[in-house]
Amino acid sequence: MALGNIKSTHQLLSKIATNDKHGENSPYFDGWKAYETNPFHPTKNPQGVIQMGLAENQLSFDLIEEWIRNNPKASICTPEGVDNFRHIANFQDYHGLPEFRNAVAKFMSKVRGGRVRFDPDRILMSGGATGANELIMFCLADPGDAFLVPCPYYPAFVRDLCWRTGVQLIPVQCDSSNNFMITREALEAAYNKAKAHNINVKGLLITNPSNPLGTTVDRETLKSIVRFINEKNIHFVCDEIYAATVFNTPTFVSVAEVIQEIEHCKRNLIHIIYSLSKDMGLPGFRVGLVYSYNDEVVNCGRKMSSFGLVSSQTQHFLAAMLADEEFVERFLKESAKRLRLRHEYFTKGLEKVNITCLPSNAGLFCWMNLRGLLKKHTFEGEMVLWRMIVNEVKLNVSPGSAFNCSEPGWFRVCFANMDHETVEVALKRIRAFVGKEIGVERKRWKSNLRLSFSTRRFDETVIMSPHMMSPHSPLVRATT
Amino acid sequence: MKLLSTKATCNSHGQDSSYFLGWEEYEKNPYDEVHNPKGIIQMGLAENQLCFDLLESWLEKNPDAAGFKRDGKSIFRELALFQDYHGMPAFKKAIVDFMAEIRGNKVTFDPNHIVLTAGSTSANETLMFCLAEQGDAFLLPTPYYPGFDRDLKWRTGVEIVPIQCNSSNNFQVTEAALQQAYEEAQKRNLKVKGVLVTNPSNPLGTTMSRGELNLLVDFIKEHGDMHLISDEIYSGTVFSSPGFVSVMEVLKERNELKVSSNEDDNNADRVWDRVHVVYSLSKDLGLPGFRVGAIYSENDDVVSAATKMSSFGLVSSQTQYLLSAMLGDKKFTKLYITENEKRLKRRQRMLVSGLQKAGIGCLESNAGLFCWVDMRHLLSSNTFEAEMDLWKKIVYQVGLNISPGSSCHCTEPGWFRVCFANMSEQTLNLAMKRLTAFVVECTGNGGSAKRNGGLKMKSLTKWVFRLSSRRDGREQEER
């Protein structure tokens, strides 16, 4: 009865299921493993590895917790809120709860200083920004089509944009000569190279504010990019997931603002990806959003959102919280302040040992320049340095090559996912390591234009270290 | 240049079908006891609204789960940060225990083999991505849930080839039909990657017999590269005999579960790594809004791949936490399962007798949130056009949104899926009154229907007689 062939499990599954395009087999997860097997704890394991590869925002939970305590109606489980239970538990409409969409639209507008308004009917839900990025690809591109993405970029884009969609990712080269800004020339070069290879470019995707750079795109550059995509008639997807982590000037400029200023802008090419995972520190709640100015995309995307709707319990909770304008204003202000202070403390600490970071005004991380510590100015040299930092200095940081950076020696270091004491320990270790490495050889560092801060205060909020509720995957936490 | 993707501009999402159009009509004119008593009653929505009070009372007694607390301490931060695609261990344990309990603990499930997804919508799509290439096919018995056209085919590029079932044997799957579907796929040059069944069935409301399940397992044994997916989303809605037999139980009986099978088995002989179960809390617990779906598989590669893919649709941590507490309360789950069953049975009886009074029969069912109703005698002709005409009358004139069989890919015109668990008893009674009035009008009026009023009673008696003899036939198939 049985067939003679040996059916390997490989043949039983699809190519997608058995290829590497989920990106989890890269060597960078050694850093994760080092952390997982030996996680730092201030008292129980003070020699352990400190997790600095996780872009989480843990600085402002107390504000949210306070709000929760004061607003029991926001939960469908409390006596005050249980009247809503059956309606919410039953609600699976892919349009989403109207009050949720309205609140999100208002929130997004506030994050942009009220300079733009968002139409709640253009908001689509998805399973986190992970789901949102995949969804927009399914809507805009066919297998084999390509999207341009400026380097360095978030490593998991390979999975989110390409894995199941069959879309190709074409890097747009950026480098430190101009602080990794996106230039028209670089866009043209990438676009033309793709064309020369007969690759159909469907669009450009940028993350603004940038991960891993922590910088925002200035108004003129953004306008230039919009003109570029208009000319080429390709889509422009702006992942603005870090929009409310902007803690310093220049003020954040959203693509939503810029299109108001450009004549004859083809709005049906413009799409925004958003999430509450970074700005509000709620990655567990899986709130991903797609905002499109294109009616067909809204229509189609809404149907696709069935594959990753936001839990109605979560929609209901957030509808209440984000509609509380007074709370939102207070939260955004305080969160930005805490991020600024943490960033300041960390970068100043690095400067003590002449380590500079790319000047940044946003994000949950710094783009640290360790080129001076490379024995060889190659990516192999970068990996050697990285392994030293993970294994000897015991810090899990992310090497630039993981982000497809064109120059070796850059590292992304997260600072918002730990408490103040842990930051101090990390800085001590870095200072010790650098001191050892530099030794007698004094290098003169070109000092980059830096934002100067007049006051310096310690962040006194007590924050928990990442608490592991279960053994967890590297990718989920690492590549954010 | 084409602006959007092919997927965005085709209609493989299947939402132009009548199944969804009926919903749209309902949305425009929804029945409300007070504000819109003449509106359309929604009977096209397979929701379980019968046991919310049990859930609400549990919440009342369990304030910790309600308030992001564990042992009185706030765990908000942990929940806010928890995005591990392996899922919350306590939640996975609670779900597999619940699944086992529903199956009378005849089979158990390993929490490490369950993958959490955003509803079974996502679970089914994910399995397609894991098991099939674009252009491959899965065989599905008809009639089937209209949403499968979207969930299985749309973004995956997978094809569905129907296993034609019909009323001659109460729509059961036969070897002949299975073989015919397979051959049809060959003719169309489609590589068949497996079979997907919904058990208990949507839209039939019946549980699959052991005979059918064994037939399917035999089939995939014969074709060593094929999978069997059993969507058991309605497993907790079984309210009368014959009870629910899960495909996992059948594997156990055949000694073909992973634990019981012979280690030396030739890869091609063994079958446990090609059988996968889909589950969800949307029907049994009536919580579709929470987006809780699951894939269960003993195949490590499938679990591994599906887990990574679940990143695109994880279950909200606050929801995982709430439900891990609720389903972890064994006293509660026992009470819930029993009471849910009781209420569904009562409600189904109400619908069936209401239909009978209107001279309408339905397939005898023991599960689900709906009945598969036989309105063939009300068709002006034995065609799908006539079915559409009848459906439109029922939606617009009678004011009931029910689902026409054609939207479920049924091969025989005249069958309709009618839901009974998503409304109050009063509303159900009203729906039956309206339907009765319509039928009287329809058959009393000599011109439009095939039969006139005089023949009506006789044909009803004949029909009831046929139905009971068929029931015996079904029971004989049980081993």
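Arg184(A) and Glu188(A) form a salt bridge, with their closest N and O atoms 3.2 Å apart. The term salt bridge stands for a side-chain nitrogen of Lys or Arg within 4 Å of a carboxyl oxygen of Asp or Glu. The two residues sit four residues apart in helix H9 (residues 184-196) of chain A, so about one helical turn separates them. Helices here are DSSP runs of H or I with at least four residues, strands are runs of E with at least two, and both are numbered from the N terminus.

Before going on, a word on the model and its numbering. This is a predicted model, in which local features need pLDDT of at least 70 and side-chain atom pairs count only at pLDDT 80 or more, while totals for chains, interfaces and linings use all residues. Residues are numbered from 1 along each chain as its sequence is written, chains are lettered from A and ligands numbered from 1 in the order in which they are written, and side-chain values use heavy atoms, leaving out hydrogens and water.

How open are the partners? Arg184(A) is partly exposed, with a relative accessible area of 23%, and Glu231(A) is exposed, at 52%. In these terms, buried means under 20% relative accessible area, exposed means over 50%, and partly exposed lies in between (1.4 Å probe, protein chains only).

Arg254(B) lies in the loop between helix H11 (247-253) and strand E9 (275-280), and Asp218(B) in helix H10 (residues 210-222), so the pair ties together parts 36 residues apart in sequence. Arg254(B) is partly exposed at 23% relative accessibility, and Asp218(B) is partly exposed at 35%.

Here are some of the salt bridges, side by side:

| Pair | N to O distance |
|---|---|
| Arg184(A) and Glu188(A) | 3.2 Å |
| Glu65(A) and Arg77(B) | 3.2 Å |

Over all chains, the structure holds 47 salt bridges. A network of them links Arg115(A), Arg219(A), Lys223(A), Glu257(A) and Glu261(A).

## Where the chains meet

How many salt bridges are there between chain A and chain B? The count is two, and one of them joins Glu65(A) to Arg77(B). Helix H7 (residues 128-140) of chain A gives the most to the side of chain A that touches chain B, with seven residues. By class, that side has 44 nonpolar, 31 polar and 17 charged residues. For these classes, Ala, Val, Leu, Ile, Met, Phe, Trp, Tyr, Cys and Pro count as nonpolar, Asp, Glu, Lys and Arg as charged, and the others, Gly among them, as polar.

The contact (heavy atoms within 4.5 Å) takes 92 residues from chain A and 85 residues from chain B. About 8,000 Å² is buried between the two chains, and carbon and sulfur atoms give 60% of that area. Buried area is the accessible area (1.4 Å probe) that two parts lose on being put together, summed over both.

Ala132(B) touches the other chain through Ser14(A), and its contacts also include Phe138(B), Val158(B) and Lys193(B), not counting residues up to four places away in sequence. Ala132(B) lies in the loop between helix H7 (119-131) and E5 of chain B and is buried, with a relative accessible area of 6%.

## A covered strand

Is E5(B) mostly covered or mostly open? Five of the five residues of E5(B) are buried, leaving the strand mostly covered. Ala137(B), Leu139(B) and Pro141(B) point one way, while Phe138(B) and Leu140(B) point the other way. In a regular strand the side chains alternate between the two faces of the sheet.

E5(B) runs parallel to strand E6 (residues 159-163) of chain B, and five bridges join them. Strands pair when DSSP finds at least two bridges between them. Within this pairing, Leu139(B) stands opposite Val161(B).
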